[in-house]
Amino acid sequence: MNYLFAPPVPASVAIAGESVRFPVRRIFCVGRNYAAHAIEMGSDPERDPPFFFTKPADAVVDSGSTVPYPPQTNDFHYEIELVVSIGRAGFDIAEDKAVDLVYGYGVGIDLTRRDLQQAAREQGRPWDWGKAFDLSAPCAPLHPIGKTGELTGGGIWLDVNGHRRQQADIADLIWNVREVIAILSKSMRLQPGDLVYTGTPAGVGAVVAGDRITGGIDGLGTIEIEIGEAR
Ligand code: MN
């Protein structure tokens, strides 16, 4: 195949303890998946069906990176999240088979231009400009499920400049990983390389240039990014 110009190198995420990287195909994100965060965002915490938005695959950023303060926002937020990576294709997968699709897990941050997201929400417009911008999906090295086992609980936390901002447990997910995969796979054929950011707990807030964000999930290590000056 000949292309007009060299196709971009696939976006990818590191794998803990491996030299090979996980190529990223698509990034799906669950809109709200912890009751306390739904409440802080002014939404109903009831168990409505989950909804999804997406980010471009090349929004992924390695842990340890500096993320420049993005354009067009004055309210740039962190959201710590459990990331599930898909290693096998599947469509309309039952909950009891959903875990078969999982390659592994990671710690991610769903960076958000909250002012743009909220303006879009109020006007009934798409969330893309609030969520799907450059470098908006930091992700720490993935841990294969063969090593961790199925993850159904464990602490999840985020600090800004060493101060705790988010603290919850994966077991508090309104829709757990099996359910999210089952529901998502009714609308899309999941494919190897897909990432699913499963939603953030309460405590989201704004950061500015110079802030250092660290976060972690029990058994999955930590993530660290620094917010740089706007480009
Ligand atoms: Mn999120």
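Donors, for the metal site in this predicted model, are N, O and S atoms within 2.8 Å of the metal, and because water is not among the atoms, the site may look incomplete.

**Stop 1: the manganese ion**

Select the manganese ion together with Glu79, Glu81 and Asp110. These residues coordinate the ion through OE of Glu79, OE of Glu81 and OD of Asp110, at 2.0 to 2.1 Å. Along the chain, the donors of the manganese ion have the spacing E-x1-E-x28-D. Now colour by secondary structure. Glu81 belongs to strand S8 (residues 80-86), while Asp110 sits in the loop between strand S9 (102-109) and strand S10 (112-113), so this pair ties together parts 29 residues apart in sequence.

**Stop 2**

Salt bridges with shared partners join Lys55, Glu79, Asp110, Arg114 and Lys131 into one network. Two of its members, Glu79 and Asp110, also coordinate the manganese ion.

**Stop 2: the largest cavity**

Stay with Glu79, Arg114 and Lys131, which are among the residues lining the largest cavity. The structure has one cavity of 30 Å³ or more, and the largest cavity has a volume of about 70 Å³. Which element gives the largest share of the lining? Helix H3 (residues 114-122) does, with three residues. By class, the lining consists of two nonpolar, four polar and five charged residues.

**Stop 4**

Over the whole structure, a search finds 11 salt bridges. Side chains of opposite charge can pair when their charged atoms come close.

Begin with Asp62 and Arg21, whose closest N and O atoms are 3.0 Å apart in a salt bridge. Asp62 is in strand S5 (residues 60-62) and Arg21 in strand S2 (residues 21-23), so the pair ties together parts that are 41 residues apart in sequence. Asp62 is partly exposed, at a relative accessible area of 29%, and Arg21 is partly exposed too, at 37%.

Next, select Glu150 and Arg178. Their side chains form a salt bridge with an N to O distance of 2.6 Å. The pair links distant parts of the chain, 28 residues apart: Glu150 is in the loop between helix H5 (145-148) and strand S13 (155-160), and Arg178 is in helix H6 (residues 177-187). Glu150 has a relative accessible area of 36% and is partly exposed; Arg178, at 26%, also counts as partly exposed.

Then go to Arg212 and Glu226, whose side chains meet in a salt bridge at 2.5 Å, N to O. Arg212 is in strand S17 (residues 212-217) and Glu226 in strand S18 (residues 222-228), 14 residues apart, and this pair too links distant parts of the chain. Arg212 is partly exposed, with a relative accessible area of 36%, as is Glu226, with 26%.

**Stop 3**

In soluble globular proteins, nonpolar side chains tend to be buried together.

**Stop 3: the largest pocket**

Select Pro68, Tyr69, Pro70, Pro71, Arg113, Phe133, Asp134, Leu135, Ala230 and Arg231. These residues line the largest pocket, whose volume is about 170 Å³. Its lining has seven nonpolar and three charged residues, and no polar ones.

**Stop 4: Gly42**

End at Gly42, in the loop between helix H1 (35-40) and strand S4 (52-55). Is Gly42 buried or exposed? With a relative accessibility of 66%, Gly42 counts as exposed.

Conventions
Residues are numbered from 1 along each chain as its sequence is written. This is a predicted model: local features need pLDDT of at least 70, side-chain atom pairs count only at pLDDT 80 or more; totals for chains, interfaces and linings use all residues. Side-chain values use heavy atoms; hydrogens and water are left out. Donors are N, O and S atoms within 2.8 Å of the metal (3.2 Å for Na, K and Ca); water is not among the atoms, so sites may look incomplete. Helices (H or I, at least four residues) and strands (E, at least two) are DSSP runs, numbered from the N terminus. A salt bridge is a side-chain nitrogen of Lys or Arg within 4 Å of a carboxyl oxygen of Asp or Glu. Buried means under 20% relative accessible area, exposed over 50%, partly exposed in between (1.4 Å probe, protein chains only). On a 1 Å grid over the protein atoms alone, a cavity is a set of points where a 1.4 Å probe fits but cannot get out, and a pocket is an open set with protein on both sides within 12 Å along at least five of seven lines; lining residues have an atom within 4 Å of a point. Grid points are joined across faces, edges and corners, and a volume is the space filled by probe spheres set on the points. Ala, Val, Leu, Ile, Met, Phe, Trp, Tyr, Cys and Pro count as nonpolar, Asp, Glu, Lys and Arg as charged, and the others, Gly among them, as polar.
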